[in-house]
Amino acid sequence: SSPTPAPAQVDAGLSSVVVQPTGQTSYPVHVAIPVSLSGGSADLQVTLTIVGLNKFVTTSGAGEGSWGCVAITPMGGAGKSAVVRCALSDASPGEPLTVGLSIGYAGAGSVEAQLAVLAPVDDSSPGDNTASATLPPRN
């Protein structure tokens with residue numbers, strides 16, 4: 001039997017949550033979370049906690065990766081936190097890796113993003129894996 005290789009290490013991180021108005025009534029804000037990756041390929045997961053969320057749709061604009069996102073808690077609207085988990089398998093450095101979502105929400109909202117590199121690959125610098133932003137208040 002061959003020895004088990006040590007887990008590969010990559011450096012993944014996210015620096016900011018970029019909030020932009022869309023001008024649309026149903027999804028008034030677009031949220032972009034740029035993800036950086038170097039050192040090799042990995043399966044990535046971004047968990048978004050969005051206060052006030054009542055609906056979302058993934059987008060595929062310039063620089064955005066083909067993330068699959070699903071709400072793992074109810075989307076309760078104003079004052080309630082909803083959790084959306086986004087996954088991108090076999091992500092490679094140099095690919096478009098930004099998470100893009102257009103969202104509908106109520107009240108005073110916020111977005112918190114947390115990045116994880118999934119096993120068996122390790123993230124050599126887990127300290128840069130969170131970012132957050134406030135959303136413009138909605139009536």
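This is a predicted model: local features need pLDDT of at least 70, side-chain atom pairs count only at pLDDT 80 or more; totals for chains, interfaces and linings use all residues.
View 1. The torsion about the S-S bond of cysteine 69 and cysteine 86 is about 115°, so the disulfide is right-handed. Because cysteine 69 belongs to strand β6 (residues 68-71) and cysteine 86 to strand β7, the pair ties together parts that are 17 residues apart in sequence.

**View 2. The largest nonpolar core.** Which residues touch the most other members of this core? They are Leu44, Val46, Leu48, Trp67 and Ile103, out of 36 residues in the core. Two or more residues each come from β1 (9-14), β3 (29-33), β4 (35-38), β5 (42-58), β7 (81-91), β8 (99-117) and β10 (130-134). Strand β8 gives the largest share, 8 residues.

**View 3. The surroundings of valine 46.** Here we move in on a core residue named in the previous view. Leaving aside neighbours within four places in sequence, valine 46 is in contact with Val35, Trp67 and Val84, and also with Arg85, Cys86 and Val99. Ala113, Gln114 and Leu115 complete the set of contacts of valine 46.

**View 4. An open sheet of 3 strands.** The strands run in the order β4-β1-β9, with mixed pairing. Which are the edge strands? They are β4 and β9, each of which pairs on one side only. Strands β1 and β4 pair in the antiparallel sense over 4 bridges.

**View 5. Aspartate 90 and serine 92.** Aspartate 90 is found in strand β7, and serine 92 sits in the loop between β7 and β8. Is each of them buried or exposed? Aspartate 90 has a relative accessible area of 52%, so it is exposed, being over 50%. Serine 92 has a relative accessible area of 18%, so it is buried, being under 20%. Not counting residues up to four places away in sequence, serine 92 touches Leu37, Ser41 and Leu97. The backbone of aspartate 90 deserves a look too: its phi is positive, about 55°, although aspartate 90 is not a glycine.

View 6. The peptide bond from alanine 119 to proline 120 is cis, with omega near 10°. Where does proline 120 lie? Its place is in the loop between β8 and β9 (122-123).

**View 7. Charges over tyrosine rings.** Lysine 55 lies over the face of tyrosine 27, at 5.4 Å from the ring centre. Arginine 138 lies over the face of tyrosine 105, at 5.9 Å from the ring centre. How many aromatic pairs does the structure hold? There are 0 of them.

Key:
Residues are numbered from 1 along each chain as its sequence is written. Side-chain values use heavy atoms; hydrogens and water are left out. A nonpolar core is a set of buried Ala, Val, Leu, Ile, Met, Phe, Trp, Tyr and Cys residues joined through side-chain atoms within 4.5 Å. Buried means under 20% relative accessible area, exposed over 50%, partly exposed in between (1.4 Å probe, protein chains only). Contact means heavy atoms within 4.5 Å. Rings of Phe, Tyr and Trp (its six-membered ring) pair if their centres lie within 6.5 Å; planes under 30 degrees apart count as stacked, over 60 as edge-to-face and the rest as tilted. A charge sits over a ring if NZ of Lys or CZ of Arg is within 6 Å of the ring centre and within 35 degrees of the ring normal. Two strands pair if DSSP finds at least two bridges between them. A disulfide is a pair of cysteine sulfur atoms within 2.5 Å.
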